[in-house]
Amino acid sequence: MTTTSTSDPYDLAREAALEIGRRTGVASHDVAIVLGSGWQDAAASLGTTRAVIASQEIPGFAAPSVPGHHGEIRSMRVGDHDVLVLLGRVHLYEGRTPAEVVHPIRAVVGAGATTVVLTNAAGGLDPAMRPGDAVLVRDHLNLTAASPLSGPAPPAGTAPRFADLTDLYAARLRSLARSVDPALRDGVYAGLVGPHYETPAEVAMLRGLGADLVGMSTVLEAIAARHLGAAVLGISLVTNLAAGVSPTPLDHAEVLAAGAAAAPRLASLVGAVVTRL
Ligand code: 8IG
């Protein structure tokens, strides 16, 4: 991590945004895409890469400790948009604080992004789902017992901490995604801390609560992005059916295989959505 002069999360994000602008030579990027587990192979074919930065070289970025999360920031041209692609994220289950988890989001919004695309791999709670399905996040259940907005009050000029989340995952962006692929379904994503998977009883509870997807990321990032005024698109890659829904125990190899097989399809979906923004 780069030495920094502040511990205030909003100041730190502003420093990071300035450094991203300097390192990329692009004063303002209008879109950011976070590529989660299973999505990394989609990066190269999204568009033209213009700069690659190791995220540890940007103030406040923690090195991801999860295999498949590279910790890289790319500046790309996708259609006529300047896009920051974040390969890898950090999670609460790595022992990170909510502020650390959402720091990259605050940095990219500070660097200009008004649209934030959050991708993840998730367990499917609906037996009709299949590994390899992409599902638009319609809404979420934040079951982490954490908020990125707890802590120091946002500075003057930033929205108050009591963020309205009515249209957290923008209906407009989901419609745009459906204009690319009319077969895309949507669902409610339950965000848990993990890193263990759920028990069958927990899966039954989550289904009863109205969740369709379950995972260990995204919810805090979505809140932080929306708080700063960005429009959020969430897309889950279903890589396994959740415990008790799946007829067999959860198999990590199957999860990875689903991601690898889906990567080209995911890249063309995200690339087409961003191009149409
Ligand atoms: I991939 O079944 C993936 N991530 N909590 N449960 C939770 N996270 C996940 C799952 C799952 N599959």
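How many bridges join strand E1 (residues 31-35) to E4, and in which sense do the two strands pair? Strand E1 and E4 pair in the parallel sense over five bridges, where two strands are said to pair if DSSP finds at least two bridges between them. Helices (H or I, at least four residues) and strands (E, at least two) are DSSP runs, numbered from the N terminus. This is a predicted model, in which local features need pLDDT of at least 70 and side-chain atom pairs count only at pLDDT 80 or more, while totals for chains, interfaces and linings use all residues. Residues are numbered from 1 along each chain as its sequence is written, and side-chain values use heavy atoms, with hydrogens and water left out.

- E3 and E4 run antiparallel and are joined by seven bridges, and Ser75 has Leu84 in E4 as its bridge partner.
- The hairpin of E3 and E4 has two residues between the strands, and in this hairpin Gly79 takes a positive phi near 60°.

**Strand E9 and its partners**

- Strand E9 (residues 231-241) is mostly covered, with 11 of its 11 residues buried.
- Strand E5 (residues 115-124) pairs with E9 in the parallel sense over 10 bridges, and Gly123 stands opposite Asn240 in E9.
- Strand E6 (residues 134-142) and E9 run antiparallel and are joined by three bridges, with Ala134 standing opposite Leu237 in E9.

**Nonpolar cores**

- In soluble globular proteins, nonpolar side chains tend to be buried together.
- A nonpolar core is a set of buried Ala, Val, Leu, Ile, Met, Phe, Trp, Tyr and Cys residues joined through side-chain atoms within 4.5 Å.
- The largest nonpolar core has 52 residues, of which Ile73 and Ile105 touch the most other members, and H2 gives the most to this core, with six residues.
- Leaving aside its neighbours within four places in sequence, Ile105 is in contact (heavy atoms within 4.5 Å) with Val34, Val116, Leu118, Glu221, Ala224 and Ala225.
- A second, separate core of 29 residues includes Val85, Leu176, Ala177 and Leu266.

**Cavities**

- On a 1 Å grid over the protein atoms alone, a cavity is a set of points where a 1.4 Å probe fits but cannot get out, and lining residues have an atom within 4 Å of a point.
- Grid points are joined across faces, edges and corners, and a volume is the space filled by probe spheres set on the points.
- By this rule there are three cavities of 30 Å³ or more, and the largest cavity holds about 110 Å³ of space.
- The lining of the largest cavity is made of 16 residues, of which Ser55, Phe61, Ala62, Gly88 and Pro104 lie nearest its centre.
- Strand E3 (72-78), strand E4 (81-87) and helix H2 (98-110) are the elements that give two or more residues to the lining of the largest cavity, and the largest share, three residues, comes from H2.
- The second largest cavity has a volume of about 90 Å³, and 13 residues line this cavity, with Leu92, Met216, Ser217, Thr218 and Leu220 nearest its centre.

- Helix H5 (residues 219-227) gives the largest share of the lining of the second largest cavity, three residues.
- Eight of the nine residues of H5 are buried, so this helix is largely enclosed by the rest of the structure; among them are Val219, Leu220, Glu221 and His227.
- Gly229 follows H5 and has a positive phi, near 95°.
- Ser217 lies in the loop between strand E8 (213-215) and H5, and Ser217 counts as buried because its relative accessibility is 11%.
- Not counting residues up to four places away in sequence, Ser217 touches Arg89, His91, Asn120 and Tyr189.

Conventions: Buried < 20%, exposed > 50% of the residue type's maximum accessible area, 1.4 Å probe, protein only. 1 Å grid on protein atoms, 1.4 Å probe; cavity = no way out; pocket = protein on both sides within 12 Å on 5 of 7 lines; lining within 4 Å.
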